[in-house]
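Dear colleague,

Please find below the structure for your review. My notes on the findings follow it.

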Amino acid sequence: MTDTTATGTEILSPAELAPYIQHTKIETGVTRDQMIAHAREAVEHGFNAAMIPASWVPEVAAELAGTGVGLATALDFPTVGVMTSAGKAAEAEAIAKLGATQLDIGVQIGWLKSGMYDAFRDDIAGVVNACGIPVKVMLELPLLTETEKETAVELAMDAGATFLKNASSGQIETANPESIRYLVERARDGVKVKASGSIKSYRQALGLIDAGAVLLGTSAGMSIISDTGDENTASY
């Protein structure tokens, strides 16, 4: 008898989680050789994408060309909401032209809390319109009130977000099924959910997918697909 998850779907093996994982390497001081090795690792193991700093997009794009592995990067991150809307849109356009195929973006949490809803939405829409590639919106759910969460989700989708994302990293939230279900339940047709934040183990990753996430952002991809990760595994 095939094992199933709580929602009745078949349980995936550790290696079968690779297509859900955005293999992440974004720490300061990463060298060209390390970036190339990271890209090759993503191809070898069949990860969904290599998530890298925007400054390395041209080199990694050349390495991933023709492999079917995506190239993801982040904007207005790791401290979200610090860029101007014009600067964010311009950078998004440049990043896409350099070869990125997916873009995660920070949002203006302060504007949301100030009731500047049109500006919050238009900041996201400016990126969506400028880059022409799937945009994942990092909503930083733990920083928001219940009303702010509802508003942020709706405005992000109004702006054209392809993905809703619970948080930018483990510094904000450890990805959990509750946050993922919250987003999945509110996502409109065609809008998907990405989980992010200290995803370290196979069982944790499986629980997030069971909750409805279709992508997982983590620097512990190798530990997850080999089922060697635990609470002591480093991950952002």
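Leaving aside neighbours within four places in sequence, Leu139 is in contact (heavy atoms within 4.5 Å) with Ile109, Leu144, Ala152, Val153, Ala156, Leu164, Lys165, Asn166 and Leu183. This is a predicted model, in which local features need pLDDT of at least 70 and side-chain atom pairs count only at pLDDT 80 or more, while totals for chains, interfaces and linings use all residues. Residues are numbered from 1 along each chain as its sequence is written, and side-chain values use heavy atoms, with hydrogens and water left out.

Leu139 is also among the residues with the most contacts inside the largest nonpolar core, together with Leu17, Leu103, Ile124, Val137 and Leu216. That core has 68 residues; a nonpolar core is a set of buried Ala, Val, Leu, Ile, Met, Phe, Trp, Tyr and Cys residues joined through side-chain atoms within 4.5 Å. Buried means under 20% relative accessible area, and exposed over 50%, with partly exposed in between (1.4 Å probe, protein chains only).

Leu183, one of the contacts of Leu139, belongs to helix H7 (residues 177–186), whose buried residues are Ser179, Ile180, Tyr182 and Leu183. They lie on the same side of H7 because they cover an arc of only 155 degrees around the axis, taken from the directions from the helix axis to the C-beta atoms. Helices (H or I, at least four residues) and strands (E, at least two) are DSSP runs, numbered from the N terminus. The buried residues of H7 pack against helix H6 (146–158), strand E6 (163–165), E7 and helix H8 (202–211). Exposed Glu178 and Glu185 are carried on the face of H7 turned away from its buried side.

Yours sincerely
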